[in-house]
Amino acid sequence: SGTGNRRHPLFFLEPLRNWLSGGKGGKGGKGSRQPRASGELQLPTIKSSSVVSSSSMLRVAATSSAAGKAALTAAAAGGVPPAEEPDDVAEERARVEGLNAYEAHPIVVRQLNKTYPGLDGQPPKLAVRTLNLGIERGECFGLLGPNGAGKSTSINMMVGLLEPSAGTALIGGYDITHDMDAIYSLMGVCPQHDLLWETLTGRQHLLFYGRLKGLTGPALEAAVESSLRAVNLWSGKVGDKQARQYSGGMKRRLSVAISFTGNPLVVYLDEPSTGLDPASRRNLWDVVKANKRDRAIVLTTHSMEEAEMLCDRLGIFVDGRLVCIGNPKEITSRYGGFLVFTITVPAEQEAAARQLVAAMSPNARLTYSVGGTLKFELPTAEVSLSRVFATMAGSRAAGLAVLDWGVANATLEEVFILFARAIGAKAGD
Ligand SMILES: Nc1ncnc2c1ncn2[C@@H]1O[C@H](COP(=O)(O)OP(=O)(O)OP(=O)(O)O)[C@@H](O)[C@H]1O
């Protein structure tokens, strides 16, 4: 590399990038796992490649022929050598391999893969690659990832809307590849887009789904009343109005109530709070928290605030693979090895401000620059908070007219963007 001994501050992401390059036969030829030539990581912008609504309620066949299916399965099983996995992902795989206590782990995902057939001469799309995951009772697991990362495909396999190309998942001990009928009665789903009948009331929806779950008589009435109360659709007899009269927030709350009807062992919540105002979101979060006990919840979200608020553990998905897994605080402290530093100066002093930051932190990375406002990531390995304060105290003497500045620890959102930006370019094939 032409960069000498200097390591890029985000050097820890390089093995992940190589790992992602490895499974797909990219520029280096089929199956190539060659590391990138440069020691400096290029940080590409994230690509949004999802073109398919994750709310699709159609079961999509893996392929139309047995031979095609075998080819897709083989492609999917092309897999990843465990040695190249990130440590936390490898630990989860090892944990899942040894799991047989399905009572305690309602969701056990083993080597799950999904490859979509290529359309119009395009190569097959490896949407989920070798996912291993064990989710405990009482745990809410968050699937995070940029658009097109494979979150909905993973959930759609678990709820029986899609057939896996390889691997399987055990839900309450039942196998998704041949026991879906048993699994349907154990699960509740809140899809990304509300699937409600406009002419039915909230109460009628809950009665309908309660009966599907086997509830009858007083038990059914009691379950419906407690659901309506839990999601604030009880007072003012709102639950007796037709769904077409509901606001977006009320519809979303009804969808979440439906997913918890009948006390299911597992619940899937696909972006539950999308489109809600802040008060409705908080109310919905309270509902989810109050219903966590005794069941496993899988939640997808693009809101880091929601992930931190609700999830006991998170998995960040990029290009069909888990690239990190852990609880939100752990992930932030493990990967957030940088301070976020912002400074605003008159536009003509931008160059001087950059020099000041470079002197304070030679590996600082500029992430934003508009009209005199600059934002940097400063690796904590080379700069402390006290150094930042000392530098800024001397900035006037250095001739800078600083209009504003600030420094903060990295947040989960910044760590997420870091992963998506550094690795996400591989997703855009
Ligand atoms: N039926 C399909 N046929 C071919 N490719 C598909 C199909 N469904 C999804 N894909 C592709 O598989 C990849 C994963 O898509 P998926 O919808 O699972 O991502 P996601 O993480 O849920 O995205 P979003 O956050 O936008 O919902 C994407 O590249 C998508 O374009």
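Tutor: Start with helix α7, residues 217-230. This is a predicted model. Helix α7 has 14 residues and reaches 20 Å from its first C-alpha to its last. That is close to the 20 Å expected at 1.5 Å a residue.

Student: Which residues of α7 are buried?

Tutor: Ala 223, Val 224, Ser 227 and Leu 228.

Student: And where do they sit, seen down the axis of α7?

Tutor: They fall within an arc of 130°, so they line one face of the helix.

Student: What do the buried residues of α7 pack against?

Tutor: Two helices: α6 (202-212) and α8 (248-260).

Student: Which exposed residues are on the face turned away from the buried side?

Tutor: Pro 218, Ala 219 and Ala 222.

Student: What about Asn 232, what is its phi?

Tutor: Asn 232 follows α7, and its phi is positive, near 60°.

Student: New topic. Where is Gly 249?

Tutor: In helix α8. That is one of the helices that the buried residues of α7 pack against.

Student: Why does Gly 249 count as partly exposed?

Tutor: Because Gly 249 has 19 C-beta neighbours inside 10 Å. A buried residue needs 20 or more.

Student: Leaving aside neighbours within four places in sequence, what is Gly 249 in contact with?

Tutor: Leu 276, Asp 277 and Ser 280.

Student: And what separates Gly 249 from Asn 363?

Tutor: They are 114 residues apart along the chain. Their C-alpha atoms are separated by 45 Å.

Note on methods
Residues numbered from 1 in each chain as written. Predicted model: local features only at pLDDT ≥ 70, side-chain atom pairs only at ≥ 80, totals over all residues. Helix = DSSP H or I, 4+ residues; strand = E, 2+ residues; numbered from the N terminus. Expected span 1.5 Å × (residues − 1). Buried ≥ 20, exposed ≤ 12 C-beta atoms within 10 Å, placed from the backbone. Arc of directions from axis to C-beta. Contact = placed C-beta atoms within 7 Å.
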